[in-house]
Amino acid sequence: MQALKIITTVFNILFLFIIWFFVRGLSWSKKDDRFSIVGFGSMMLLYATNAFLIWWYGGL
């Protein structure tokens with residue numbers, strides 16, 4: 001089970017960096033970019049929450 005937690009966390013971090021790569025060129029001042037920023041930001045938050053829940057509540 002520990003190996004699965006580590007593999008999942010590594011992939012979560014990898015996906016966070018991939019998403020961040022695409023978000024860094026977006027600007028809130030451009031109206032068309034706002035939906036992308038919110039959507040990608042939500043995905044980043046979900047991946048971070050997933051890692052948190054795996055490590056702190058995975059034993060329940």
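Biologist: Which residues does Asp33 touch, not counting residues up to four places away in sequence?

Modeller: In this predicted model, Asp33 sits in the loop between α1 (2-23) and α2 (34-57). Contact here means heavy atoms within 4.5 Å. Once residues up to four places away in sequence are set aside, Asp33 touches Leu26 and Ser27.

Biologist: What is the nearest side chain of opposite charge to Asp33, and how far away is it?

Modeller: Asp33 is buried yet has no salt bridge. A salt bridge would require a side-chain nitrogen of Lys or Arg within 4 Å of a carboxyl oxygen of Asp or Glu. The nearest side chain of opposite charge is Lys30, at 4.4 Å.

Biologist: How many helices and strands does the protein chain have, and is the chain compact or spread out?

Modeller: The secondary structure of the protein chain comes to two helices and zero strands. Its radius of gyration is well over the 10 Å that the globule rule gives for 60 residues, so the chain is more spread out than a compact globule; the radius is 14 Å. Along the principal axes, the C-alpha atoms fill a box of roughly 45 × 20 × 10 Å.

Biologist: What percentage of the 60 residues of the protein chain count as buried?

Modeller: The accessible surface of the chain comes to about 4900 Å², and 74% of that surface belongs to carbon and sulfur atoms. A residue counts as buried under 20% relative accessible area. Of the 60 residues, the buried share is 13%.

Biologist: What accessible area does the nonpolar surface patch that includes Phe22 have?

Modeller: Phe22 lies in helix α1. The patch on the surface is formed by Ile7, Phe11, Ile13, Leu14, Phe15, Phe17, Ile18, Trp20, Phe21 and Phe22. Together these residues have an accessible area of about 1000 Å².

Biologist: Which residues are in contact with Phe40, leaving aside its neighbours within four places in sequence?

Modeller: Phe40 lies in helix α2. Its relative accessibility is 26%, so Phe40 counts as partly exposed. Leaving aside neighbours within four places in sequence, its contacts are Ile19, Val23 and Leu26.

Biologist: How far apart in space are Phe40 and Tyr57?

Modeller: Phe40 belongs to helix α2. Phe40 and Tyr57 are 17 residues apart in sequence, and their C-alpha to C-alpha distance is 25 Å.

Biologist: What distance separates the C-alpha atoms of Ser42 and Trp56?

Modeller: Ser42 is part of helix α2 and, at 37% relative accessibility, counts as partly exposed. Ser42 and Trp56 are 14 residues apart along the chain, with their C-alpha atoms separated by 21 Å.

Biologist: Is Phe52 buried, partly exposed or exposed?

Modeller: Phe52 is found in helix α2. The C-alpha atoms of Phe52 and Ile13 are separated by 12 Å, although the two residues are 39 residues apart along the chain. The relative accessible area of Phe52 is 40%, so Phe52 is partly exposed.

Biologist: What distance separates the C-alpha atoms of Ile6 and Ile19?

Modeller: Ile6 is found in helix α1. At 44% relative accessibility, Ile6 counts as partly exposed. Ile6 and Ile19 are 13 residues apart along the chain, and their C-alpha atoms are separated by 20 Å.

Key
Residues are numbered from 1 along each chain as its sequence is written. This is a predicted model: local features need pLDDT of at least 70, side-chain atom pairs count only at pLDDT 80 or more; totals for chains, interfaces and linings use all residues. Side-chain values use heavy atoms; hydrogens and water are left out. Helices (H or I, at least four residues) and strands (E, at least two) are DSSP runs, numbered from the N terminus. Buried means under 20% relative accessible area, exposed over 50%, partly exposed in between (1.4 Å probe, protein chains only). Lys and Arg count as positive and Asp and Glu as negative; His and the chain ends are not counted. Patches are made of residues with over 30% relative accessible area and no salt bridge: like charges are joined within 9 Å, nonpolar side chains (Val, Leu, Ile, Met, Phe, Trp, Tyr) within 5 Å. Accessible areas come from the Shrake-Rupley method with a 1.4 Å probe; for residues, only the protein chains shown count as cover. The radius of gyration is taken over C-alpha atoms; the globule rule is 2.2 Å times the number of residues to the power 0.38.
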